[in-house]
Structure formats: structure tokens, C-alpha cells
Amino acid sequence: MDNGASYYNKKDGLQLPTTTKYNKSDKRSRSSSIPSLFLAFFSCLAWLYIAGRLWQDAENRMLLSNLLIKNYAERPKVLTVEDKLVVLGCKDLERKIVEAEMEITLAKSQGYLKNQLKQPGSTSTNKFLAVIGVYTGFGSRLNRNVFRGSWMPKGDSLKKLEDRGIVIRFIIGRSPNRGDSLDRQIDEENRTTNDFLILEGHEEADEESPKKAKFFFSAAVQNWDAEFYVKVDNNIALDLEGLIELLESRHGQASVYIGCMKSGEVVAEEGKQWYEPDWWKFGDEKSYFRHASGSLIILSKNFAQYINVNSASLKTYAHEDTSIGSWMMGIQATYIDENRVCCSTNRQDKVCSLA
């Protein structure tokens, strides 16, 4: 008898076991429903992930949209005709300001100087033939006294010389330690002799000598109206009458640069005498341009005014004479090589000599 089978005997009224088949499809349907559940679960997860990303992208798009709207609102508007006229008016005003500044500079260069600094005892309302500035230093009092007792007048004689149109002053700056004993000694000496031009804005030092030239010519042209301005080294003795005669012979000549003209090699080796830190600016030949020797330099009035007006922008080199020569190269200067101011020569008619 097969397992699980039964039958019914109608005759005896008994139910006998009969044979029945097992349904295998029910088992297969139950086993296949499990992967379907997992697939549905993962489908839900995927849908939630995609929905979240779409929501995030929607927020980002909204943020970008708001930023674009804000930037558009802040974007410069198109200029109207009135706005353009305002801009053009500002440019026109700026142009007029530049022109006015140029006119002021030109006026200064021609002698229209305001707020001129006055030195005690100066008589700038008078016109002079020349202002002679004799360089000096803090330790040179003995040398100054020698000059005062020889070629340089003092006291009443100095005043009488000014009546002839010649001003002579010792030129000195201030001590690096303002107000110290060095400054006080100069002030005391000046109260006695009244023959100093003290450059208040200049610090007296050997390495500052090129800048001293700018301060001297600027201060001199501000204090005295002269035809010529003469710079003299502190080791030079003058034939004063001979110098006056030379200057009188040049009377009426404007735009002149007078001196013992020279050139020479530019010293490029640091540590050597006359070393020039800017040696590379003078070309491959390393030769200086033509310039007056530093012992005695004469400039006409308009050049002294030029230095005064442009002193802030004028380039200085290691040495004073080459610095002044570089300033003269940029303007229409008439160079006069005057042998009588070559102080180291043996000429009989020279107007200066080494002291």
C-alpha cells in the first residue's frame, strides 16, 4: 500500500485507504515569495535614496536661483545720459586739476615761490649778483676762522659786501642728535658772526653730501634773489674779487652751468675711494657724464629754482658733483667749462685754490 493512500469500500461501508498525490507547487510558491520580499525591500530603499537626492537637488536649485536673483538685483544698472555726463564732468575736472598742478610747478620754476623761508638778517627783497655757499662741518671752526681772517669778510665788511650784491654764508646742516652740543655750538657761533645758512632739514654727514646740495640751492633761492648761486667746498680759498669779476662777465646769461668740467671712470669696486653703488647705470664703459668738479660749481637762478621745485624727485648719486651734473643733463643747460675755477691748476688768473 502506498504511503498516504486510502479507499472506501461501499459494500461493507468501510472507508479504506486510497492513494493521493502530494502538491509540490505549493512548496515552490512559498519558497519563491522570500526573494520577492527582499526585492521589494531593496526597491523601497532605492526609491527612498533617489527621492532624497531629488529633494536635495531641488533645494540646491532653489538656493542657486535665489543667488542669481540677488546678484541680478545688485548688478550695476545701465548708465543714463545724466550719469554719463557726471562721469565726463569728473574726468574733465580731473584733467583741469592736473593742468593746474602743472601750471603751479611752472610758476614755481619761474620764481613765483610762496611761503619762502627767511633766515635772520636776510634781505630777499633786494636783488643780488650771487649767493656763495661755503660748505663747512661741525669740526671745522678753526678752518672757518682762517677764512674769516683771509678772503672772507666779517662783521660790517660782510654787510658792505652784500650791498655790492654778494652774499656769503657757511653752509651746514643739523646734528643727527638734534639739539645736542654740536647744534648749540653752531647756533652760538652764528649769533656772534651771523654768517651761517643752517639747513634745518638736512642731517650733516659725509655720506649725505649729495643731498646737501639740494638743500643748499633750495634754501639759497628761497632766501635771496640772486642771478647766480655758487657752491664752494670747505677746503677751497677764493680770490673773491676775481670770482666777482667772473660772475659780472656772465651777467645776463641765463641757463648756465659753470665749472671746471671733467669726466672720469666710475669706480665699481666696493671699498675703494669714490666707489659708486649705482655704477651699473653708467654703461659698459663705466664712465661718468660731463660734469663740473665739486670744488666750485655755479648755477644760474633758474637752475637753482628748478632744484628747489623738484628736490623731492631728483636722484642723488654717491658724489655731489655727479649728482648735480645728472640734474643738469635733463634740462636745457648751457655748459661753460671755466678754467679759472679749476682750483687745483697752476693758472695765474684762477679764482680759487686749495686751502
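**Ground rules.** I number residues from 1 along each chain as its sequence is written. Because the model is predicted, local features need pLDDT of at least 70 and side-chain atom pairs count only at pLDDT 80 or more, while totals for chains, interfaces and linings use all residues; side-chain values use heavy atoms, with hydrogens and water left out.

**Overview.** I looked up the secondary structure and found nine helices and 11 strands. Both are DSSP runs numbered from the N terminus, helices being H or I with at least four residues and strands E with at least two. Of the 355 residues in the protein, 36% are buried. Buried stands for under 20% relative accessible area, exposed for over 50% and partly exposed for in between, with a 1.4 Å probe and protein chains only. I then took the contacts (heavy atoms within 4.5 Å) between residues at least 6 apart in sequence, and 72% of them join residues at least 24 apart.

**Disulfides.** I searched for disulfides, meaning pairs of cysteine sulfur atoms within 2.5 Å, and the structure holds two. Counting bonded cysteines along the chain, I get the pattern 1-2, 3-4.

I noted Cys260 with Cys342, where the sulfur atoms are 2.0 Å apart. The S-S torsion of Cys260 and Cys342 is about 100°, so I logged the disulfide as right-handed. Cys260 and Cys342 are both buried.

I noted Cys343 with Cys352 as the other pair, also with sulfur atoms 2.0 Å apart. The torsion about the S-S bond of Cys343 and Cys352 is about -100°, so that disulfide is left-handed. Cys343 and Cys352 are both buried.

**Ser293.** I placed Ser293 in strand β9 (residues 287-300). Its relative accessible area is 15%, so I count Ser293 as buried. Setting aside neighbours within four places in sequence, I found Ser293 in contact with Cys260, Lys262 and Asp321. Cys260 is also a partner in the disulfide with Cys342.

**Helices α6 and α9.** I describe two packed helices by the angle between their axes and the distance between the axes. The axes are lines fitted to C-alpha atoms, for helices over the stretch in contact, and the angles run from 0 to 180 degrees between N-to-C directions. Helix α6 (residues 209-223) packs with helix α9 (residues 320-329) at about 55°, the axes being 8 Å apart. I therefore call α6 and α9 oblique to each other. For the wording, under 35 degrees counts as roughly parallel, over 145 as roughly antiparallel, 65 to 115 as roughly perpendicular and the rest as oblique.

On the α6 side I listed Ser209, Pro210, Ala213, Lys214 and Phe217, which meet Glu320, Ser323, Ile324 and Trp327 in α9. The residues of this contact divide into five nonpolar, two polar and two charged. Ala, Val, Leu, Ile, Met, Phe, Trp, Tyr, Cys and Pro count as nonpolar, Asp, Glu, Lys and Arg as charged, and the others, Gly among them, as polar.

**Helices α3 and α5.** Helix α3 (residues 141-148) and helix α5 (residues 181-193) pack at about 10°, with axes 13 Å apart. Arg141, Arg144 and Arg148 in α3 meet Ile186, Glu189 and Thr193 in α5. By class I have one nonpolar, one polar and four charged residues in the contact of α3 with α5.
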